Amino acid sequence: MNDARRSISISPRGDAFRDECGVAAVFGHPEAAKMVYLALYALQHRGQEAAGIVSVEDEKMRRHAGTGHVAEIFREEALQALGGTHSIGHVRYSTAGESSRDNAQPLVMSHRRGPLAVAHNGNLVNAQEIRRRLERVGSIFRSTSDTEVLLHLVARSRAEGLPEALCEAIREIRGAYSLVICDQRRVIAVRDPHGFRPLSLGRLEQGRPVLASETCAFDLMGARFERDIEPGEVLVIGPDSEESSLFPLPKQQPHPCIFEYVYFSRPDSRVFGRSVGDIRRALGAQLASEHPAEADLVVPVPDSGVAAAIGYARGAGLPFDFGLVRNHYVGRTFIEPSQSIRHFGVKVKLNPVRSLMAGRRVVLVDDSLVRGTTMHKIVTMVKDAGAREVHVRISCPPTVSPCYYGVDTPRSEELIAANATIAEIREYIGADSLGYLSLDGMHRAVGGEIGEFCAACYTGDYPLAPTDFGRDASQDEFGGSGPEDLRQPGGGAMEETSG
Ligand code: AMP
């Protein structure tokens, strides 16, 4: 800090916490890495901390990765250097492992079958346990990422081919994983048996396969959506464009993450077979029926609350308007004058339209309250802009439990709804009334039964025990082969640049 100005960091969305990740892959395209770049561009909302692309040309694997946004990391030159016809990519916001360049994905390792790259969306719940076992028998890890555990398991497998080794590795890991993987000849897509995170298959012209976390990536690439990768499916593409699906694990009841609908995915995506935008409007309409308000105007908290607010306004028969305007060009740090400005962090992103707010009874709609700090500042701002009353409506139930499957929600101690009653929260945020959508209402709007989705952040019912985070890890010895140092890229088959 210097005495005249101070610099503060602000995450692009929400004050203090972080998203998960997005993955993409292309097979059999002359500009595969450029197509993956487009996909990552469309998936930027899923992670703004780091991004990376791996491509394979003449059996040589190249990687370019860096911290920051996709557009900053990949300049023309870097993309030109990523030649070849198959490629995978990743955007990251750390959920497990520290946020460092070492943890940027795709992770690449070389082993006796050649180089291997993996990009992972989700979070393994037994990675620490496996890692300890592997370290005891000599494995050396170069990152703190849970994904590296998977690479070690694949490398240690005695199975001949990559698909078989991968199936063996998958039998060891538990948790949330939507993966895209490539070696010198293939691209492989994997989705865990619970199907926590999305992963879809699309087609470019001439039937070339593409994979992405969300279908909005297909729209930018000019691909058409074909189907979701099924929970538990391992789809192997290549070497001669043939495609085959394996199901190495027993079938389980899938539990796709309901929070993808509430907040994560883009409203123009189709996720788990349904339109995210349609669902958000239905969540808003349901909220209006559960928590009507005597008000003059419905205002969304942009961007996350827009679709739900439209649904609320329609459901309630109230006028809708953009009473808060968002600055879309906000970077990650700001220089603030030494005489600090009240609620600077929120003000720099959002500004109220006084002519809309003055003298009005306003319903403010957002998708979630996590710590409650953002909403406290917004309500203050809206009241300062002259609103007569502010009624806050949240298009999901109270967030009471952390996520162990890839969404970086804070610990319970920091979740306002885990520690305060609705009346106390209303008082803290300074609203005239506060209404959350019910658990039943959320499922009705989504069009599913309770139990069909993972809604652990709202219920504390975890479909899969979070071993690493709860009870002691198993002390079983790992019965693999001898020590192996996988850190060295093999035989000149790997090249790496960073942005
Ligand atoms: P808070 O101030 O902690 O209550 O943050 C609430 C705001 O964060 C809301 O505007 C949400 O749209 C947004 N939000 C909710 N979940 C997440 C998440 N996992 N990552 C980033 N932002 C989020």
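This report describes the overall make-up of a predicted model and then looks at some of its local features.

**The chain as a whole**

The protein chain contains 17 helices and 24 strands. Of its 499 residues, 58% are buried. Among contacts in the chain with a separation of 6 or more, 72% are between residues 24 or more positions apart.

The average pLDDT of the protein chain is 89, and 88% of the residues score at least 70. Residues 1-19 have a pLDDT below 50, and this stretch has 67 contacts in the model beyond near neighbours in sequence. For residues 471-492 the pLDDT is also below 50.

**Two helices in contact**

Two packed helices are described by the angle between their axes and the distance between the axes. Helix 9 covers residues 276-290 and helix 10 covers residues 306-316. Their axes come within 6 Å and cross at roughly 45°. Angles under 35 degrees count as roughly parallel and those from 65 to 115 as roughly perpendicular, and helix 9 and helix 10 are therefore oblique to each other. The crossing of helix 9 with helix 10 is right-handed.

On the side of helix 9, the contact is made by Gly277, Arg280, Arg281, Gly284, Ala285, Leu287 and Ala288. Helix 10 contributes Ala307, Ala308, Ile310, Gly311, Tyr312, Arg314, Gly315 and Ala316. Sorted by class, this contact has eight nonpolar, four polar and three charged residues.

**Backbone details in loops**

| Site | Feature | Value |
|---|---|---|
| Gly238 to Pro239 | cis peptide bond | omega near -5° |
| Pro302 and Asp303 | cis peptide bond | omega about -5° |
| Asp58 | positive phi | near 50° |
| Glu59 | positive phi | near 65° |

Pro239 sits in the loop between strand 13 (234-237) and strand 14 (243-246). Asp303 is in the loop between strand 17 (297-300) and helix 10.

The loop holding Asp58 runs between strand 3 (50-57) and strand 4 (60-67). Glu59 likewise lies in the loop between strand 3 and strand 4.

**Buried parts**

Helix 6 spans residues 162-172. Which of its residues are buried? They are Leu162, Pro163, Ala165, Leu166, Cys167, Ala169 and Ile170.

What covers these buried residues of helix 6? The cover includes one helix, helix 5 (147-156). It also includes strand 7 (114-121), strand 8 (178-182) and strand 9 (187-191). Strand 13 and strand 14 are part of the cover too; the loop between these two strands is where Pro239 is found.

Met109 is part of strand 6, which runs over residues 107-111. Buried means under 20% relative accessible area, so Met109, at 6% relative accessibility, counts as buried. Along the chain, Met109 and Asp183 are 74 residues apart. In the model, 10.0 Å separates their C-alpha atoms.

Technical notes. Residues are numbered from 1 along each chain as its sequence is written. This is a predicted model: local features need pLDDT of at least 70, side-chain atom pairs count only at pLDDT 80 or more; totals for chains, interfaces and linings use all residues. Side-chain values use heavy atoms; hydrogens and water are left out. Axes are lines fitted to C-alpha atoms, for helices over the stretch in contact, and angles run from 0 to 180 degrees between N-to-C directions. Helices (H or I, at least four residues) and strands (E, at least two) are DSSP runs, numbered from the N terminus. Angles under 35 degrees count as roughly parallel, over 145 as roughly antiparallel, 65 to 115 as roughly perpendicular and the rest as oblique. A crossing is left-handed if the near helix is turned anticlockwise from the far one by less than a right angle, and right-handed if clockwise. Contact means heavy atoms within 4.5 Å. Ala, Val, Leu, Ile, Met, Phe, Trp, Tyr, Cys and Pro count as nonpolar, Asp, Glu, Lys and Arg as charged, and the others, Gly among them, as polar. pLDDT is the predictor's confidence in each residue, from 0 to 100. Buried means under 20% relative accessible area, exposed over 50%, partly exposed in between (1.4 Å probe, protein chains only).
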